Amino acid sequence: MFDNLQDRLNTVFKKFKGQGRLDENNIQEGLREVRLALLEADVNFKVVKEFISRVKDRCLGQDVLKSLTPGQQVVKIVHEEMIGLLGGETADLELRGNPAVIMMVGLQGSGKTTTSSKLALHLRRLKFKPLLVPADVYRPAAIEQLTTLGKQLDVPVFASSTDMNPVDIASQAREYAREQGCNVMLLDTAGRLHIDETLMDELAAIKAEVSPQEILFVADAMTGQDAVTVAASFDERLDVSGVVLTKMDGDARGGAALSIKHVTGKPIKFVGMGEKASDLEVFHPDRAASRILGMGDMLTLIEKAQEDITEEEAEKIGKKFQRAEFDFEDFRTQMRRMKKLGSLEGILKMLPGMGGLKEKLGELKVPDKELGRVEAMINSMTMEERKNPNLINPSRKERIARGSGIELDEVNQLVKNFEQMRKMMKKMMGRSKKKGGMPKMP
Ligand code: GDP
């Protein structure tokens, strides 16, 4: 997400930082480039105009020009203003009531159904008991789609049927949620290809019936300014409480994300980062601004890594490392965990300073495919071999090569590298024990 914008701004800021002294002229010139970058990212032109004018006012203040590092001051101001543009504080869900009702609205294909199931998973992680409620009785298979998603996640789904009225579904589902002890209900409503009065009337009727605490407008980020316009119409009719921008994984520009709060006054609460149920992130304006400005987003990376690892497990792995007992089985577990975080390239983007590194390396190619090959080789080992790599003799290597469909040379290389890594760990641990401190990873 935000890739193009990040690249463009990185170039502008480099020029800024490279200049020892800044004067009004080169600030004006630099901000012109920031303006162009934002317009190219499809940010609403009015939003850009106001943004640049605020940044300019602050930058031309005497303090910036007199400071020792004016370039950095400018970047800091842009960062702060961008956080504001993205909504300022993180906007949490407001969940009250028994059950709390979240109503998902938006055009067809925006990602409502997928997001409903992602949110159910998110809420369950927060110890809520969600109920999924399909209320789209028009689109063929919409009910089935949500029912299947619910089953996969083991979240209960209300048994709606296409001959029911959506308002009745909502009120009956609320009763059902109470009976079942579900404390939050996610109402997946119908969408149309375009805004449509009949649909708006129906949504308003559902709203009146169940008074949802949250009405989340779901929009496809890749539709840019269209998403913003549609958001404004939905908001006018339904007074939405927040926005979910989906398909941010494919949106390199970021125009919708940077305009929607300013235009509608409603905060982005979540972003969809892929098709899987776990690909939903709480939207943090400060972290997003850091990502756009190439400062990375370590916090999100750490949170993702922690999502499914317990403290005991982390400690166990640490100890195995220390005793150089880390084996292929552990290796595979860690690899799979990493894959869940997304592609390696995606992970690197969350690390600070990657903007510059990318330029130095040219087109950075991270071998995600290679990881797949490594996993195939480990999969072809027996559990015994994984736990004790010393067992892997030439004939076993041949079997592993045959089983994984990978050249024998590559299997040899993997086993050899792994052995070397274990030896190195042992040495490092020995040294650090003598010195009495934690080892430094190379
Ligand atoms: P609905 O008509 O609004 O209910 O939309 P769906 O939930 O059926 O989603 C439409 C398509 O968008 C599906 O193919 C989803 O897998 C896909 N989709 C939804 N959210 C995301 C996302 O965050 N990233 C990506 N890449 N695809 C998404």
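Methionine 421 counts as partly exposed because it has 13 C-beta neighbours inside 10 Å. In these terms, a residue is buried if 20 or more other C-beta atoms lie within 10 Å of its own, exposed if 12 or fewer, and partly exposed in between, with C-beta atoms placed from the backbone. The model is predicted: local features need pLDDT of at least 70, side-chain atom pairs count only at pLDDT 80 or more, and totals for chains, interfaces and linings use all residues. Residues are numbered from 1 along each chain as its sequence is written.

Methionine 421 sits in helix α21 (residues 408-435). Helices (H or I, at least four residues) and strands (E, at least two) are DSSP runs, numbered from the N terminus. Alanine 159 is 262 residues away from methionine 421 along the chain, and 54 Å separate their C-alpha atoms.

Strand β1 (residues 100-105) is mostly covered, with six of its six residues buried. In a regular strand the side chains alternate between the two faces of the sheet. On one side of β1 lie Ala100, Ile102 and Met104, and on the other Val101, Met103 and Val105; all are buried. Two strands pair if DSSP finds at least two bridges between them. β1 pairs with strand β3 (residues 184-189) in the parallel sense, over five bridges. Here alanine 100 has valine 184 as its bridge partner. β1 also pairs with strand β4 (residues 214-220), again in the parallel sense, over four bridges. In β4, leucine 216 is the bridge partner of methionine 104.

The largest nonpolar core holds 86 residues. Such a core is a set of buried Ala, Val, Leu, Ile, Met, Phe, Trp, Tyr and Cys residues joined through C-beta atoms within 7 Å. Ile102, Val133, Met185, Leu186, Leu187 and Leu245 touch the most other members. β1 gives the largest share of this core, six residues. At least three residues come from each of domain 1 (3-85) and domain 2 (100-295), with bounds from an automatic or database domain assignment.

The ligand has 18 residues around it, of which Gly111, Lys112, Thr113, Thr114 and Gly272 come nearest. A residue is near a molecule if its C-beta atom, placed from the backbone, lies within 6 Å of it. Helix α6 (residues 112-125) gives the most to this shell, with three residues. The shell divides into one nonpolar, twelve polar and five charged residues.

An unreviewed UniProt entry annotates residues 267-280 as "domain: SRP54-type proteins GTP-binding". Over residues 267-280, the chain is 0% helix and 43% strand, and the end C-alpha atoms are 16 Å apart.

Methods: Nonpolar A, V, L, I, M, F, W, Y, C, P; charged D, E, K, R; others polar. UniProt positions renumbered as here; feature names shortened; annotations may be inferred.
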